Amino acid sequence: MPIVKLKPKTTMPREEIVIARQMHQALVLHFMEGLTQAQIAGQLGISQATVNRLIKRGRQLGLVEIKIKSPVEPLVDMEERLLALGGISRAIVVPTVSENPQTALQAVGEAAARLLMEEIGDGDTICITGGKGVSAVVAGLQPPRRFDVEVIPATGCVQGKHYTDVNHVSTLMADRLGGRSYQIHAPLFADDAEQRAMLINMRSVADVFKRAREAKVAVVGIGSILTDDSSYYDLHPSSSTDRVAIERSGARCELLAHLLDDRGRVCDYSLNRSLVSLTLAEFASIPMKIGVASGPNKAGPILSVLRGNHLDTLVTDEATGARLLEIASEEGVSA
């Protein structure tokens, strides 16, 4: 009976196995644990020159793959999903670093302030509303130089809380930028439509709104309506007692003190007819319109404003953006 001789199985020489293990150890210690080549040499009991050769050879053999993950990648993805909802051409989302709403708003205001300074130049006009969002933008301004700009109210004035007084906010913004502010000497709400027409046609008021219509940039807040912390109820003494009528009108948000429905259309509500403010049609003619809003309770209002195509740019935070996308998904809006 013939004897069959099996071909010996080819194996890696022992010396090569030792080198391969050392190479793997060196790569792990260097790229994953952050050790220096000298530290690796001491740990493995080999020379630093050998460690250098092992690491170099390991990279040549393709044993090391370096992947850099951007910390803003999730935010960029969210910005793209917000753009997909429509209604804006640019979205800026900042990380939500705190559950404190004031801290989140501060971060959003600083981002909007940086954007504003990138967009303006000497001779430009900025029109603004009052509100917590725009006040946060003013607080975030750290201009590298003085800007020869004009800051114009887009609405009449409500005195009382500092953030509702558009003249106060306008003056602060102009001071921060090194420009000039214009004051409006008219209330935000007239008694009725006839008085509104009279106020709008007063020379001093008409001049302010003419300048506002000719602005290059607008910076505005987006107000919630159906929450107890809504700033809208700080604007008119009767609004807080008229909440039933407000809800009946279908109001979902506020923009330039106009109450809008869930599609971003002006509601049939009495105070809308007595507003001393730019109309939304006039507002639409401003080349760049930046909306600033933060807080999950602002997500629904933001979506309404997007549906109305009232803005060019939205600046918000991650938590608000996530809630906005969630609401849009629940309502069957593609994102």
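Start with strands β6, β7 and β8: in that order they make an open sheet of three strands with antiparallel pairing. Two strands count as paired if DSSP finds at least two bridges between them. Helices (H or I, at least four residues) and strands (E, at least two) are DSSP runs, numbered from the N terminus. Strands of a sheet pair through backbone hydrogen bonds, either parallel or antiparallel.

Before you click on, a word about what you're looking at: this is a predicted model, where local features need pLDDT of at least 70 and side-chain atom pairs count only at pLDDT 80 or more, while totals for chains, interfaces and linings use all residues. Residues are numbered from 1 along each chain as its sequence is written, and side-chain values use heavy atoms, with hydrogens and water left out.

**Stop 1**

Pick out Cys 253 and you'll find Leu 260 of β8 opposite. Axes are lines fitted to C-alpha atoms, for helices over the stretch in contact, and angles run from 0 to 180 degrees between N-to-C directions. Contact means heavy atoms within 4.5 Å.

**Stop 1: Ser 249**

Look in the loop between α10 (243–248) and β7 for Ser 249. Is Ser 249 buried or exposed? With 18% relative accessibility, Ser 249 counts as buried (buried is under 20% relative accessible area, exposed is over 50%, partly exposed is in between, with a 1.4 Å probe and protein chains only). Leave out residues up to four places away in sequence, and Ser 249 touches Cys 267, Asp 268 and Tyr 269. A polar atom of the Ser 249 side chain lies 2.5 Å from the backbone oxygen of Ile 246, and one lies 3.4 Å from the backbone nitrogen of Ala 251.

**Stop 2: the seven-stranded sheet**

Now show the open sheet of seven strands, ordered β1-β10-β9-β5-β2-β3-β4 with parallel pairing. Its edge strands, β1 (90–94) and β4 (180–181), each pair on one side only. Zoom in on β9 (residues 288–292) and β10 (residues 313–317), a parallel pair with three bridges. There, Ile 290 stands opposite Thr 313 in β10. Helix α7 (residues 166–177) packs on this sheet, touching β2 (125–128), β3 (150–153) and β4, and its direction makes about 170° with that of β3.

**Stop 3: Thr 320**

Select helix α13 (residues 318–330) and find Thr 320 in it. Thr 320 is buried, at a relative accessible area of 0%. Its side chain reaches the backbone nitrogen of Gly 295 at 2.7 Å. Setting aside neighbours within four places in sequence, Thr 320 is in contact with Ser 294, Gly 295, Pro 296, Ala 299 and Ile 302.

**Stop 4: two crossing helices**

Finish with α2 (residues 37–44) and α3 (residues 48–60), whose axes come within 8 Å and cross at roughly 105°. Gln 37, Ala 38, Ile 40 and Ala 41 of α2 make the contact with Gln 48, Val 51, Asn 52 and Ile 55 of α3.

Note on methods. Polar contact = N/O pair within 3.5 Å; in protein donor to acceptor, adjacent residues only side chain to side chain.
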